[in-house]
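Here is a short tour of a protein model, written to be read with the structure open beside it.

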Amino acid sequence: MTTTAPPSHDSTLTTRLAAIVGERRVLVREGELRSYASDGLPGYHARPSIAVFPGTRDETIAVVRLLAELGLPFVPRGAGTGLSGGALADGVVLLGLHRLTRIISIDAENARAVVEPGVVNASLTRAAAPFGLHYAPDPSSQTACTIGGNVAENAGGPHCLKYGVTLNHILAVTALLPSGDVVTLGNADGENDGYDLLGAYVGSEGCFGVALDVTVKLARNPQAVRTLLADFLSVDAAAHAVSAIIASGIVPAAMEMMDAATIQAVEASIYAAGYPTDAAAILLIELDGAAAGIDDDATRVAAFCRGAGARAVRTATDPAERARLWQGRKKAFGAMGRISPHLVVQDAVVPRTKLPAILAEIHRIGDRFRVKVCNVFHAGDGNLHPNIGYDATSADESERVHQAMSAIMQACIDAGGTITGEHGVGLDKLPYMESLFSAGTLGAMCALRDVFDPDRRANPGKVVPVHSCREWHAASSARHGGGS
Amino acid sequence: MSRQLVSDTAREVAGSVRAARENRAPLRIVGRGNWLDAGRPCRASSVLDIAPYSGIVEYEPGDLTLTARAGTTLAELARVTRAEGQWLPLDPGGSPESTLGATIATASAGPLASSFGTPRDQVLGCELVTGTGDVVHAGGRVVKNVAGFDLVRLNTGAWGTLGVITEVSVRLRALPALDRTFAVEMSAADAWQWLRASEYTPLAAELVSPAMSTILGTGASAVLLVRLGGNEALVSAAATSLVALGEVREVAPSVWDALAASEPPGSAVLRLSTAPSRCPALWERAAAIVERAHGSAHATLGRGVVRCILPVGGQDEDEMARLRGIIGALQHLGTSVVERLPASLWPSLVPPSAADPLSVGVRNAFDPDRLLNPGILGELA
């Protein structure tokens, strides 16, 4: 964890921030700040020196300009649902954007919306529903996470298999740079000429500034949906079904796998979805689109599952059953959290053909470190979520969990994959960046950050290890950003 | 060990870039040479030839991903992937002998972008050599990846000015079971209404001007070319839904190759764009101007992009004055991105495309000595 400990807060800063946002929106007391000392990732705690919550665009600009004037580092935060420690502010200012919840406009004709960064993902879909539209990227935390946070992390979700990730749905961002300058990235009203700065901004994890508004594409609600549940007696068989379906040219809207440990956790919880508890793996497959031809595709998908060894394939017969099948998947993390005090939700990607091998390897790693790994993931994308429930108050168990996760990350890198598909690097994945990228590549990432934030004040110490940046190395000698 | 290794291509290219740096001799990056008349004139003293660096580096069909050297042509990629029932759904205008590297560097897209997006949506990673001679591995080879800052998007469409692309990893798709194309005579407004309200998402829906329709052999009036993919039931239903709009004729899929190849060498080409709902109005006005100038046009309605192709009849003053008038009128209609233009017209007609402080900062970071394609974005030296 970072060791820098700037002065906790001084009264001048507090007064000046309060003058912008009002006293109630500036937190300085330890007890109040404790709520902001972690995000969705357990095991990491870091208290901000001050937390400030602007309620309007103008207040946000004024706050960031004040921080620029004073040369103070800050960490942007949406709903704090991130799973990589990206929103942790260790002794610096925390800038919460969750009060910026205005949906500025919905343009049904062009299927797009302009929203403030604090708009909750699912709220946007609700607001778009009367127009027959929805916002396609659907992280499991969609009832809480914000669009600003989604843009910062380039968030994914089950339906990204067909519809694409956040990057593919953002047309433009009005960004407030750490300097206080306001710039438009992308072009909502035509093609973008010049460098794709919007593409660089999406997924920059709060290091390139904060979004004041975001223009997103909305997707048309499909005419027809078919949700299938296939159960398998081996994970391997389920993985082969995934490959066969993908190779067929059918593009399911989503294709999610859950292993036995996950199924049992879900079925023992209030989110019980009727999954077969004796299965080694299930696939939850959704097809959507025009009604014409969808049943033919569903029949073929079921045949691919049976061909790969599925014991049974059932199709949801009504919207209620479909919702129930999905609730089990989306609340799987919650269900796991019920069995152990802490849950680390991991995120990595492997090439699709490596799924059977990597799942076997993850199982071996779990045995080696005596931890129980539950897998629930976006199988169609090869995007794994190996999760480990544990008790973070036990130093020994925490250490074994940490070692198991490191081994899993290395195995995914060795398989030609990557260390995060949708959760971001944050603090948690920093140690693996050097296993994945060369010094030259990390240096290029630092150089890009320096263009957006030459003073390195926005979300300092995240994403790229400080010590691996050649230029950073010279500038900041002994500072060391590392994991737990 | 697990990090990506520097390819031989990158090693050689890095040597060339470092030599250019020492000699202060800027480089013109060239693939098959199909793009040399695109972009502003370059101030380069020597050519960096990427064409020899071709071939597939890694292709595992089950992963639906492929890595190839930058000099590999789109035709070669199509041949290799088709054998596995897959494709890279990118159909930029120009020759299929264009390279993958140039396609990514210029972010070139065609009608298929309507459903598959542009190169930024399909590139998973690339290896490149920056203007400082450093080798960078941006992104990776898997279909989802948010590790670190996105150098892939930054370099896609940067026209080589931030780095010489030496290898590219792309996402492939399985070929649809059926792939049929229909031509329907209809107005731009009706075409947009159909696209907007239809339950069907065509692979492509491209409106072509009468002149273009004549070139393609699809008639003498404006038509909407609709490319439908999917299973039998879906494609038939979608084709049937077109009947209400006008006379529907099935045309050979080769019409798309003909469209890509339809631009005479030396033409002036620019793309106008707007929000899709305003595209029919943009189309009507642009098509009228283009027709008077004896050019042709086609529009990807779903993206709101109109491509205008204007013949250039020589380099004399009168012809330049004529073109200046036409292009100025077109630019007046909306956002414009100019692709190809006689060299003398660039400075007066097109402002620099990367002159904002962030873009200048990016260029300074990756090519501080302006060694890579200098001038192509209209930037100051």
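Let's begin with Ile50(A), whose bridge partner in strand 4 of chain A is Val93(A). Before going further, please note that the model is predicted: local features need pLDDT of at least 70, side-chain atom pairs count only at pLDDT 80 or more, and totals for chains, interfaces and linings use all residues. Residues are numbered from 1 along each chain as its sequence is written, chains are lettered from A and ligands numbered from 1 in the order in which they are written, and side-chain values use heavy atoms, with hydrogens and water left out.

**Two sheets in chain A**

Helices and strands here are DSSP runs, numbered from the N terminus (helices: H or I, at least four residues; strands: E, at least two). Two strands pair if DSSP finds at least two bridges between them. The Ile50(A) pair belongs to strands 2 and 4 of chain A, which run parallel over three bridges. An open sheet of four strands, in the order 1-2-4-3, has mixed pairing. Its edges are strand 1 and strand 3 of chain A, each pairing on one side only.

Another open sheet in chain A has five strands in the order 5-6-10-8-9, with antiparallel pairing. Strand 5 and strand 9 of chain A are at its edges with a single partner strand each, so one side of each has no neighbour in the sheet. On average, neighbouring strands of this sheet are turned by 10° against each other, direction ignored. In strand 10 of chain A, Val216(A) stands opposite Ile170(A).

| Strands (chain A) | Sense | Bridges |
|---|---|---|
| strand 2 (residues 50–52) and strand 4 (residues 93–96) | parallel | three bridges |
| strand 8 (residues 170–176) and strand 10 (residues 210–217) | antiparallel | six bridges |

**A helix on the four-stranded sheet**

Contact means heavy atoms within 4.5 Å. Axes are lines fitted to C-alpha atoms, for helices over the stretch in contact, and angles run from 0 to 180 degrees between N-to-C directions. Helix 1 (residues 11–21) of chain A lies across strands 1, 2 and 4 of chain A, at about 10° to strand 2 of chain A.

**Where chain A meets chain B**

How many residues of chain A are in contact with chain B? There are 82 residues of chain A, touching 69 residues of chain B. The area buried between the chains (accessible area, 1.4 Å probe, lost on being put together and summed over both) is about 5,900 Å², with 55% from carbon and sulfur atoms. Glu109(A), Glu191(A) and Tyr195(A) lose the most area on the chain A side, together 15% of what that side buries.

Eight salt bridges (a side-chain nitrogen of Lys or Arg within 4 Å of a carboxyl oxygen of Asp or Glu) are counted between chain A and chain B. One of them joins Arg196(B) to Glu109(A) at 3.2 Å, N to O.

**A link within chain B**

Over all chains, the whole structure has 40 salt bridges. In one, the closest N and O atoms of Arg21(B) and Asp369(B) are 2.6 Å apart. Arg21(B) lies in helix 1 of chain B and Asp369(B) in the segment after helix 13 of chain B, so the pair ties together parts 348 residues apart in sequence.

Technical notes. Buried area = accessible area lost by both parts, 1.4 Å probe.
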